[in-house]
Amino acid sequence: MSDIRWPVRPAGGAAGRCRPGSPRSVRYRAVSRYFITTPIYYVKDAPHVGHAYTTVNADALARWHRLIGDEVFFLTGTDEHGQKVARAAEEQGVSPTQWTDQLAPRFAAAWADLDISNDDFIRTSEPRHHVAVQRFLGRIYDNGWIVKDTYRGLYCVACEQYYAADELLDDTLCPIHRLPVEHLEEENYFFRLSAFEQPLIDWYESAPGAVVPESKRNEALSFIKGGLRDISITRTSIDWGVTVPWDDDHVFYVWYDALINYVTAIGYGEDEQRFEEWWPAVHHLIGKEILRFHCVWWPAMCMAAGIDPPAHVQVHGWLLLGGEKMSNSSVNQITPGDLIAEFGVDPIRYHLLRDTPLGSDGDFSSEGITSRYNADLANNLGNLLSRVATVVGSKCGGTGPRPAPDSRLAGVATAVVAEASEAWNAGQPQQALEATWRLIRETNAELEVAEPWKADPGPGVDSTLGSALEVLRIVSILIVPAMPATAREIWARIGLEGSPSDQRLPAAGSWGGYPGGQVTKGVPLFPRRKA
Ligand code: MSP
């Protein structure tokens, strides 16, 4: 059996996220890679808004990092093995392959409809994944961390995990799905997770920011300190999975294969150079119910395979509908398509990013979307664009003037760009958007005081309108991560060339960049909705 060696890479290794201000940023400024992942979704049913919540947040973070010049790799995909999916297929009278081939494209299509900019879409049924899993787990087996034993336990098929008796509700129900658990007894292979208790504690202590928010880090750490049991990682009861390379009567347990998707996609065991470039500088965005898998199992699996644990895991809360988690196993699902049809893509993206801070639970309701839409999009952003375009038309012949260097708004914009950047860098879209809307509100307030629509054309009107146009330029860059299509539309209407997503912050956020241009009024971006 090999020793547990961690950290695997000597300090200051090649890969690493370079944060401005960190000591590593000085030495490794050239390597600014940002690898962001969503969990891969079970293809049990069509995607719902709970899935969209994770995916839109990950997309916004990916787009933000592109905007600050990072090289980004954004991965999402589908988790296709295991009993949950096999049973869903059986219920439909089709094979798991037919079922997953039918469902996986629905996830890809939902993400395309939501303007998700993923660089790859991995399906765990793909040969590239089977090869990577067999190599990764083969390595763990060779290192002596996988052994054969008999397991008896209480299993929830919906969660695809075993529970201890004291974790159940009313002694029989799974605590998440409230469905009866099943007694399973299997001879299978075990991962010696218990051996990783101390290495995991050491890892948590040496990397205090690896799991955020802190409450979730503490939860994972106290789970580890409470003692870890070895985990059963193979099944003989089903054959829908990745075959164990050293014993083909077994397939790997779905969670054990799923986690490896994160390294499959960056070339694990296939393209070592690519893998080294992207690992371990990863940012896993996950829901709170899968904390143990990502913050206990996965780092231990990485150590067992001889690679570094993931650099960041960010844990978010749930979207609740009537106080319940929206899920496939309940009747309360709403599809992203329903919402897009009703509100449009960018308003939904904005709502998902703006109304539930990452880390907290949030209530999802049609009234909530409408009131946010009216307050922020119709009355503020849409109104600012339309009134500026109208007055530029009537007072400046449609040509947008240049901004005033000494406008009060210059100071507000500088502060907002800094605050929003900090929030995006910290993985907090809600705070970033809140800051951005402060700039929009202040600009509307400034216009109400100056009333350029009542004044005679001249330098006063020009400087007021030029500054408002400059705010619109800066705002369209700042909203690229949240509302990419709206950002492009505003950019074009104020007469700018190219695309706001091609701008690079912080340079493009400095006051004074609006060169003047042909301003187009167009139809209202966000017509007010009935409450
Ligand atoms: N397949 C596993 C993940 C494997 S990752 C190696 C899984 N899939 S899932 O489809 O059940 O859920 C995936 C993610 O969807 C959850 O972690 C969570 O991020 C998100 N959500 C599902 N329902 C949600 C809400 N109601 N609210 C917020 N996010 C939700 O777990």
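**Close-ups from a predicted model**

**View 1. Trp 491 sits in helix α18, which spans residues 484-493.** This is a predicted model, and here we zoom in on one tryptophan. Trp 491 has a relative accessible area of 4%, so at under 20% it counts as buried.

**View 2. Helices α12 and α13 cross at roughly 115°.** Here residues 336-343 make up α12 and residues 345-354 make up α13, and their axes come within 7 Å. On the α12 side, the contact involves Leu 339, Ile 340 and Phe 343; these meet Val 345, Pro 347 and Ile 348 of α13. Sort that contact by class and you get 6 nonpolar residues, with no polar and no charged ones.

**View 3. Three strands form an open sheet in the order β15-β14-β16.** Pairing in this sheet is mixed. Out at the edges are β15 (324-325) and β16 (362-363), each of which pairs on one side only. Strand β14 (residues 319-321) runs parallel to β16, and 2 bridges join them. Look for Leu 320: its bridge partner in β16 is Asp 363.

How values were computed
Residues numbered from 1 in each chain as written. Predicted model: local features only at pLDDT ≥ 70, side-chain atom pairs only at ≥ 80, totals over all residues. Heavy atoms only, no water. Axes fitted to C-alpha atoms, helices over the stretch in contact; angles between N-to-C directions. Helix = DSSP H or I, 4+ residues; strand = E, 2+ residues; numbered from the N terminus. Contact = heavy atoms within 4.5 Å. Nonpolar A, V, L, I, M, F, W, Y, C, P; charged D, E, K, R; others polar. Pairing = 2+ DSSP bridges. Buried < 20%, exposed > 50% of the residue type's maximum accessible area, 1.4 Å probe, protein only.
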